[in-house]
Structure formats: structure tokens, C-alpha cells
Amino acid sequence: MEIPIDFDRITRLFETALTEGRRFLYEYEVYQLLACSGAETPPQCRLLTRGTRYSDAELTAFPGTRSVLKIVSPAIVHKTEVGGVRIVEKDPGRIRSAVRRMFYEVPEDYAARIPEPDMPDVYRGLKGDALITAVARDIKGVLLVQYMPPDSRAFGNELIVGLRHTREFGPVISAGLGGTDTELYARRFRKGQAIVAASTAMEDGPGFFQRFRQTLSYRKLAGLTRGQRRIVTDEQIMECFESFVRIGNFYSRTHRNAPFIIDELEINPFAFTDYLMVPLDGLCRFSLPEKHPGTRPVAKIEHLLHPVSIGIVGVSATRTNFGRIILKNILAEGFDKNQVVVFKKDVQEIDGVRCLKGFDHLEKDRISPLDLLIVAVGAPRVPDLVEEVIQKDLARSVMLIPGGMGETEDSRDRARQVVAQIHEAHTKENGGPVFLGANCMGVISRPGRYDTWFIPEEKLPKVRGKTCHRAALISQSGAFMLHRTHQSPFLSPAYMISMGNQTDLTLGDMVAYFKDSDQVDVMAVYAEGFNDLDGLAFCRAVRQAVLSGKDVVFYKAGRTPEGKAATGSHTASLAGDYMVCESTVSQAGAIVARSFTEFQDLMLLAETLNQKVIQGNRLALVSGAGFEAVGMADAIQSDDFSLELARCRESTWQAVAQVLAGKGLSDLVTLSNPLDINPAADDETHARICDILAADPNVDAVILSLDPMSPAMKTLDVTDETGFDLHQDNSIRQLMTDLIARTRTPVVTVVDGGRLYDPLRDALMAKRVPVFQVCDQAVAALALYIQGRLRADTIRSSAGLTDLDKKET
């Protein structure tokens with residue numbers, strides 16, 4: 001898309017403002033910026049300053065019968081609220097009168113109407129005449145603007161388009177319903193209806209336009225609602241978005257040669273007159289670029305996750321402290337004790353592991369540098385220890401377990417000291433070690449055969465050596481990971497990584513590592529906040545993982561003001577704006593969970609269904625209980641997802657009818673979707689019908705309720721009745737295990753019953769059969785998973801690779 005953007009002229013606008021001591025543009029300068037960016041119709045305007053005499057010709061030079069007057073002041077953002085916008089007849093006398101009144105009335109109205117909390121700092125504490133004088137002093141003038149009457153004043157016929165440079169994701173473009181009530185629209189309308197947003201680094205103008213097409217704003221502008229007519233072309237909107245995207249990327253911290261950074265650029269609103277996009281108001285704030293930090297040697301994550309040698313600082317020889325528990329768990333996981341050392345004076349060995357008096361003895365033992373050094377000491381000792389590790393090149397990776405490294409105000413100086421040391425090391429030739437933490441529980445690496453969680457075996461019993469899934473659970477909160485996996489033992493990822501404060505290694509680094517890992521097909525990520533620009537790095541890594549056929553499940557904490565405050569105190573991470581985060585991460589291809597339960601459900605489905613083929617959202621539903629059949633059908637539509645009931649082929653219904661006839665159930669069952677097969681249906685009936693439905697090309701997924709209380713089903717673990725015994729070869733446990741192994745269609749089961757049926761659930765889960773306890777929960781989770789997989793397939797298709805191709809590969 002060819003759009004002429006004069007970056008040199010835009011840069012000169014910023015330079016001029018900077019020489020005047022400003023880091024913002026006045027409204028008339030924003031119009032100049034738009035003119036440089038390829039905009040067709042920025043309004044003609046002239047700045048009228050106090051005390052300057054203007055001729056009649058100068059005041060009436062613009063076309064039309066009316067003129068717009070706007071107050072120009074760095075402190076007055078919402079001009080309408082203080083009488084700072086007036087429309088007058090294009091008459092020299094009326095224009096002069098209105099301008100003179102505005103110079104006096106606007107400061108008075110500002111002092112009377114704007115509450116002190118909404119004022120800039122420079123006005124805080126001023127009252128009465130002192131405030132009026134201060135406001136009047138800051139007024140630069142009145143902007144005389146060409147009046148361009150809109151085609152319609154109906155609701156929805158104004159558009160807001162904005163750029164915002166976020167700390168985590170860099171420039172983000174947003175667009176939606178504009179005007180003075182745009183914030184109200186964003187709160188009142190369903191998510192994605194009033195405003196949409198995307199990363200400019202990951203979306204071009206046409207791509208963002210496709211997102212915008214889903215909004216109510218587009219439907220109004222395109223004349224798709226009753227009583228409306230189109231007032232702008234798709235091409236105009238697309239060109240506007242493309243211009244904003246390019247400007248955002250050029251004046252960005254991600255652009256190493258950027259002369260300035262646009263912190264915020266907003267046009268609110270664009271109005272429309274005779275198929276022209278007319279900006280009616282605008283603001284722009286900018287800043288100077290900052291020095292880019294050194295690059296982390298992320299390749300050393302390999303040593304962190306698959307170490308050959310491990311050292312531990314902080315192990316007690318006399319009591320069970322964190323360090324001692326970590327040592328026991330490392331050995332219990334099967335790591336070779338001959339490749340482990342403990343740094344402890346006056347002790348020769350602990351739990352059969354040799355002890356060294358200090359770091360200097362590493363070279364004597366010819367095991368320096370260590371692949372992994374685990375630090376489990378008090379926070380005050382950490383800065384000196386980190387300095388020694390870096391100076392002596394003692395380890396390729398370091399795990400910082402201690403808290404008190406930035407979570408509280410008192411510990412932030414200590415954290416800054418450690419961060420500075422680490423960043424300095426990364427500028428050196430070998431890049432220094434990588435650091436995980438601080439304030440983390442460390443890592444469980446099944447492929448690496450070690451476990452550093454400091455939870456005693458008595459508190460967290462572990463089944464060593466059990467089969468794990470090809471998944472990585474990456475969590476900023478170790479406690480979140482601990483509780484989720486303990487509550488849901490069927491989640492058995494190969495890697496569990498507690499990121500902690502992200503003092504060095506970040507969420508983006510870890511996803512970037514696993515996107516290329518041949519050990520992992522699924523990543524599940526719990527985030528509380530991203531480091532500077534790491535949200536963008538994270539999303540880029542997610543996109544690459546998705547292109548490689550991997551599933552990424554994501555949960556973001558800190559979505560409310562209260563939640564943000566809690567995450568700040570817990571892990572010393574600032575949570576970004578949730579709407580931007582959710583939109584950008586989803587745009588990258590991740591499946592975004594809205595609750596902890598949803599996160600667990602989606603991780604379960606990703607672990608069990610990643611290798612299944614999903615080509616649509618047509619669902620077949622089967623149950624022996626009428627309430628479940630109805631409940632599942634009711635659950636297929638919501639504000640966040642939409643499934644369709646599959647229209648099965650006639651041959652499919654004929655095959656189902658044969659099964660029912662063979663079991664004497666024909667008179668009890670109506671052939672429809674959802675299919676209520678009656679409580680008299682036995683294990684074979686459930687499995688064969690599920691198999692038939694899964695083979696139908698019109699069915700993209702099947703949900704099957706296993707009716708555990710039915711007297712016809714083998715669903716009990718301990719029983720004297722052979723007909724109830726789930727261990728029989730023809731039980732639903734065995735039949736579903738065989739079916740899941742051979743079908744490429746996703747099948748999800750429901751076992752709705754009490755604890756008596758936990759053994760059945762556990763047996764199915766152990767064979768990678770996804771099980772839910774409630775049918776509508778199964779529908780919602782599968783719907784979100786399918787939606788995410790289809791979005792990922794769209795991303796792959798744009799790269800020339802389909803989901804089916806990826807699974808076959």
C-alpha cells in the first residue's frame with residue numbers, strides 16, 4: 001500500500017517543539033503532522049494570538065459559511081467542557097468578538113468546572129484569581145479552523161484512531177467509536193465492539209482493518225445498520241490505519257534509529273463529509289529515545305534447563321531449610337549426585353553430596369563453570385554473591401530463589417544493584433550468565449532430571465518417573481504453578497518454570513527458547529507483568545511458536561486496578577493495560593484464558609488435543625441424560641465464542657441407527673444433534689456412536705457424556721458386579737482409550753458424578769482422554785480451544801501452512 005509519509009518534516013515538527021521546551025504538539029501542529037502522513041483532508045487553520053490584529057480577509061479566508069474557534073493551551077485537554085470550542089458565522093466581527101470572549105471566559109470556566117484532581121500539577125493548590133491567572137497565562141491562542149459539516153450527526157458516525165507507545169508492547173494502534181463519549185462506549189459495549197487494538201509491530205493497516213470490521217463503529221460507518229448509509233470507503237479507513245502503523249513503527253523504541261518516540265498520537269474524532277475523512281481534534285506527545293540495554297545470552301537457557309553440573313549455595317547441614325529441601329528434590333528426581341556440589345564450610349558432604357568451602361575450589365575440582373548455580377540464601381547476601389559469580393565466571397546460569405529482591409519498597413535498591421551488575425555482564429564478550437528469578441521457586445525439568453522446588457515431599461507428594469506431557473508451564477508466580485498442578489495432577493508438563501521477578505530472564509526469553517524446542521508442543525503461561533518491551537518480544541515468540549504448530553495458553557493477572565496493585569506488591573512487576581495485553585497476545589496466536597479454571601481447562605485440552613486436526617467449529621453432542629443434551633446445546637453460544645451444531649450426513653445417522661437397533665434402543669432415541677442415547681445405552685453403544693460421529697466429515701469435534709451412574713455402564717473401580725467394573729476389557733475406559741488413540745477428530749468426555757467416579761476420570765486422563773465433570777464447562781473450554789486453534793490456523797495459512805499440514809509434518 002503506497003502512502004507518502006514525509007518523516008523528515010514530521011521530525012522537524014518535533015524538533016521545533018523541543019526547542020521551545022515542549023514535548024507535545026499543539027492541535028494545529030497535529031494537523032501538519034497528518035498532512036505529512038498522507039492524510040487527504042486536514043482542515044485549514046490559523047493560530048490567532050492575543051493582541052495581534054488580523055484583517056477581515058485573514059479571518060474569512062477559509063471556505064464555507066461558518067468557522068470553528070478552539071482554545072490552544074497545553075493544560076486544557078477537554079476543550080468542550082470549558083467553552084473552549086465555538087462555532088460562529090464566518091463574519092469578521094463575530095469571529096473577533098468570540099475570540100476576545102474566549103481569552104477571558106475559558107480561564108474562568110476552567111477554574112469553576114475542573115476539579116483539582118483532574119488538573120495538571122502546575123495548577124494544584126491554586127484557587128480563585130490565582131488559578132484563573134495561571135490558566136490565562138498558558139493560553140497560546142485561539143485556533144481558527146475551517147468548518148466542514150459532517151454528513152451525519154447520528155450516533156456512531158465519528159471515528160477515533162490513536163497510537164500509544166506502551167511500556168510492554170511498544171506502539172499500539174486503536175480505533176473505534178469516537179467523539180466525546182468514546183470512553184463511555186468502551187465501558188458499555190461488549191468487548192471488541194466499541195474499540196479494537198493491535199500491536200503495530202505485528203499488524204499492518206489492512207490486517208488491523210480486518211479486526212476493525214468486527215466493530216459496531218465499522219458497521220455504522222459502512223451503512224450496515226438500519227437507517228444508515230455508507231459515509232467512507234474501506235480503502236480510506238485502511239490507508240489511515242496503514243499510515244498510523246508506519247508512523248508508530250518509525251517513532252518507536254523498537255526502531256533503533258528513531259529520532260523521537262511518539263508516546264501518544266490521537267485523532268478524536270475523524271468526522272466524515274462527502275466521503276472525506278476530516279480530523280476535528282488531535283493531540284500528540286513525544287519523548288526522546290533511550291539507550292537500548294545489552295542483549296541477554298538466552299542460548300544459555302539450555303544450561304539452565306538441561307544442566308550437566310549443579311551447584312547450590314544455602315544448604316543447611318543440620319536442619320531442613322529451603323536449600324536442603326532443594327538438594328533432596330534434585331537427587332530424588334534422579335540427577336547424578338556426582339555432578340552436584342554444595343558450597344558449605346567445615347562440612348565434607350551433605351546427603352552424600354560433596355561440599356566445597358567456597359567458589360575458589362571449583363577450578364581446583366575442574367568443574368568451573370557450573371551449568372547451573374542455585375542461590376538459596378537471604379536477600380542481603382545476593383548482591384555480593386552475584387558480583388563474585390560474574391567476576392569469576394563461575395556459572396552459565398544462575399537461579400535466584402530469595403524473595404526481598406524488589407517486591408517491597410525497602411528492597412528495591414538492592415534489586416536495582418543486582419540488575420545493574422547483570423546488565424553490565426551482558427555487555428561483555430561472553431555475555432555472562434543468565435539469571436532466573438529472583439523470588440522464584442525455580443524449575444522442575446523432567447528432561448533435565450532435576451527439581452528445585454522447595455516444598456517438602458510430605459507437603460507435596462510426587463510420583464517420580466511418571467509419563468509427562470510435551471508441555472511447558474511458565475509462571476511468574478511459583479505459587480500459582482504449585483497450586484494448579486497439585487489441584488490438577490493430570491496436568492503433567494515436562495517443564496515447570498517459576499520466573500519470579502524477571503530480574504534477568506523474561507517471559508519472552510523463555511517462550512523464545514521453547515518455540516524451537518523439540519521437547520514441547522504446548523506452552524501455558526501465567527503472567528503478572530512484562531518488562532520493558534518484553535510483551536512485544538513475548539508476542540513475537542508466541543507467533544513463531546504458533547507457526548511451528550505449537551499451542552500457547554495464556555493468562556494475565558492484574559486486569560483491574562485492584563489486581564494491578566496486588567501484582568505490583570507480589571512480584572515487583574507493573575501490569576500493563578489488560579485490553580491491550582489480551583488483544584496483542586491473542587493477535588499473536590495465543591489462546592487467552594479469563595480465569596484460573598479456564599486456564600487449567602485450556603491447558604488440559606492443549607496437552608491432549610494438540611495433535612488432533614481442527615478444521616471448523618461444528619460440534620456433535622452425545623449424552624444418555626436429557627438435561628446434559630439440552631445443557632450442552634444451550635452452552636454453544638456466548639459473548640466470547642460461538643459453536644455450531646454439526647449437520648451430520650445421512651449415512652452417519654444410518655450407522656447410528658444400526659447401533660441403536662442392535663442394542664434394542666431404536667424406539668427410545670430420536671436421531672438428532674444433540675443425541676440423547678438414553679440411560680440404557682451401554683459402554684459399547686457410547687463408544688461406537690462416538691466413533692461414527694467423529695468420522696463424519698461434517699463433524700469437527702465430539703463431546704461425549706459417559707453417564708457414570710447408568711446401570712448399563714462399567715464405571716466403578718471397586719465392585720463385585722462385573723457389569724460395573726471399569727477394569728473390564730470392554731469397559732468405557734478401554735474403549736475410549738482405543739478410540740482416542742486412533743481418531744484425528746478431537747473428542748472430549750464428561751463424567752458427571754461424585755468422588756466415586758474419580759478413578760474412572762483418573763484412568764481416562766492417564767491415557768490422554770480429556771475429561772470434565774460438568775457438560776457446559778466442557779463445551780465452553782472446547783469452544784475457546786477450537787476458536788484459538790482456528791485463529792492459529794489462519795496465521796499459519798497466511799504463511800502458507802495449514803493446521804492439517806502441520807500435524808502431518
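Visitor: Which residues is Leu 33 in contact with, leaving aside its neighbours within four places in sequence?

Guide: Leu 33 is in contact with Ile 10, Leu 13, Phe 14, Leu 25, Ile 247, Leu 265 and Cys 284, where contact means heavy atoms within 4.5 Å. This is a predicted model, in which local features need pLDDT of at least 70 and side-chain atom pairs count only at pLDDT 80 or more, while totals for chains, interfaces and linings use all residues. Residues are numbered from 1 along each chain as its sequence is written, and side-chain values use heavy atoms, with hydrogens and water left out.

Visitor: Why is Leu 33 called buried?

Guide: Leu 33 has 0% relative accessibility. Buried means under 20% relative accessible area (exposed is over 50%, partly exposed in between; 1.4 Å probe, protein chains only), so Leu 33 counts as buried. Leu 33 belongs to helix α2, residues 27–36. Between Leu 33 and Arg 9 there are 24 residues in sequence and 8.0 Å in space, C-alpha to C-alpha.

Visitor: What makes Ser 287 buried or exposed?

Guide: The relative accessible area of Ser 287 is 9%, so Ser 287 is buried. Ser 287 is part of strand β11, residues 282–287. Helices (H or I, at least four residues) and strands (E, at least two) are DSSP runs, numbered from the N terminus.

Visitor: What joins the side chains of Ser 287 and Asp 263?

Guide: A polar contact of 3.1 Å. The term requires a pair of N or O atoms within 3.5 Å; within protein, one must be able to donate a hydrogen and the other to accept it, and residues adjacent in sequence count only if both atoms are side-chain atoms. Not counting residues up to four places away in sequence, Ser 287 touches Asp 263 along with Arg 23, Arg 253, Phe 260 and Ile 261.

Visitor: How do you know that strands β3 and β5 pair?

Guide: Two strands pair if DSSP finds at least two bridges between them. Strand β3 (residues 66–72) and strand β5 (residues 141–146) are joined by six bridges and run antiparallel, so they pair by that rule. One place to look is Val 72, which stands opposite Gly 141 in β5. Both strands belong to an open sheet of four strands, ordered β2-β5-β3-β4, with antiparallel pairing.

Visitor: Why is one side of β2 and of β4 left without a neighbour in the sheet?

Guide: β2 (45–48) and β4 (85–89) stand at the edges, and each has a single partner strand, so one side of each lacks a neighbour in the sheet.

Visitor: Which strands run parallel to β12, joined by four bridges?

Guide: Strand β13 (residues 340–343) is joined to β12 by four bridges, and so is strand β16 (residues 370–375). Ile 312 has Val 342 in β13 as its bridge partner, and Gly 311 stands opposite Leu 373 in β16. Ile 310 and Ile 312 point one way from β12 and Gly 311 and Val 313 the other way, and all are buried.

Visitor: How many residues score at least 70 in pLDDT, as a percentage?

Guide: 93% of the residues do, and the protein chain averages a pLDDT of 90. pLDDT is the predictor's confidence in each residue, from 0 to 100. Over residues 562–576 pLDDT stays under 50, and the model has 44 contacts beyond four places in sequence for them. Residues 803–809 are also below 50, with 21 contacts in the model beyond near neighbours in sequence.
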